[in-house]
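Follow the charged side chains through this fold. Where do they pair up, and how open to solvent are the partners?

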Amino acid sequence: APEESGVPEAPLLLNNPTTRLHNGVEMPTLLLGTAHAVLHPDEEHAHVGFRGFQPERTYRQVELALGAGMRAFDTAVNYRTETVIGRVIGEWFRRGQLESRNQVWITSKVNNPRNNHLVLKQVRMLEMDQKTPEQVGQETEAFFEQSLMNLNLGYVDLMLLHWPSEPSKGSVELNRQQRLESWRVLETLYQRGWCRAIGVFNYSVLHLEQLQQDGATIVPMVNQIEASIEVQHVDIREYCKQHGIVPQAYSAMRGLSGKETPAVMKDLANKYHKDVGQIAYRYLIQLGYSVVYLTTSESRMASNANVFDFALTAGEMDAINALNDNENGGWGLPQPSACL
């Protein structure tokens, strides 16, 4: 009889079709988010006075995800989950359950302005209003290197600039110059091979146009923005699609938790034998989005992938479009237009 290797059998991958970026790289359509932020009293996960990030919730989350066949993860320097992701994935490599780097997709983000309420002082953040454009560029490269060291990886698959500026701060011209310097650093590190793709987070149409006007040589491959059945930045989404930028949605479950579920979502869930979350993800995918979702539930990770075996009709898409309520803003993060 053949000798057993002792290596656990790798699970089947979840159904997760790819979205082609304009440089030809194939990005998974669905990614698992790891921003475990406690913003409101939450006795289930922390004592009632706590506000901040809980990276400890990521250990089991990523382990369960890999076991369920999920291979795409979204993180950021300020989430403090890069090190955890790197350790768990490293164990999978050590045990032979992952054999090559191209079996996992990692998105990270750099250049997040300081948020004194959520981020530890020991976590290096970008004090944009105190930096020249050149200094911001130098900091961007340092943050990028920190991200690779945290993950203990040679490269990331996608690196995003985390926010166009500190919301409502700085001057229009200074912020614009800082964005360009940061983007030039990402272009350089992309050409060096330290990432397979580069993009931005929460950029408005104006921010994207300014990059091109100011001399960016590479169009962002991805723009990650808040998008859900209630929040649709139609102008940003359509601009991205027209210019070969993949819009990527975060907070995709807004409008489906903490309030009465819209009747149209219940009706569609019954019709297609899905849950309302699956209907919401399908809606976003048909609009052209890639989707980042946050869950620690193994069953939810599996069910979230079951959104590629049906399609909403044009009339059903229009009915969900009618739920758009952009004027009430997002779940708490500033709108792209709040960044000068």
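Lys-274 is buried in this predicted model. Its relative accessible area is 16%, and the cut-off for buried is under 20%. The side chain of Lys-274 meets that of Asp-309 in a salt bridge, with N and O 3.0 Å apart. This pair links distant parts of the chain. Lys-274 sits in the loop between α7 and α8, and Asp-309 in the loop between α9 and α10. The two residues are 35 residues apart. Asp-309 counts as exposed, at 57% relative accessibility.

Now take Lys-271. It forms a salt bridge with Glu-316, and the closest N and O atoms are 2.6 Å apart. Lys-271 belongs to helix α7 (residues 263–272), Glu-316 to helix α10 (residues 314–321). The pair therefore ties together parts that lie 45 residues apart in sequence. Glu-316 is buried, at 12% relative accessible area. Lys-271 is partly exposed, at 47%.

Turn next to Glu-91 and Arg-95. They too form a salt bridge, and their closest N and O atoms are 3.6 Å apart. Glu-91 is partly exposed, with a relative accessible area of 31%. Arg-95 is also partly exposed, at 26%. Both values fall between the 20% and 50% cut-offs, so neither residue counts as buried or exposed.

Step back to the whole structure. The search finds 16 salt bridges. Among them are Lys-274 with Asp-309, Lys-271 with Glu-316 and Glu-91 with Arg-95.

Notes
Residues are numbered from 1 along each chain as its sequence is written. This is a predicted model: local features need pLDDT of at least 70, side-chain atom pairs count only at pLDDT 80 or more; totals for chains, interfaces and linings use all residues. Side-chain values use heavy atoms; hydrogens and water are left out. A salt bridge is a side-chain nitrogen of Lys or Arg within 4 Å of a carboxyl oxygen of Asp or Glu. Buried means under 20% relative accessible area, exposed over 50%, partly exposed in between (1.4 Å probe, protein chains only). Helices (H or I, at least four residues) and strands (E, at least two) are DSSP runs, numbered from the N terminus.
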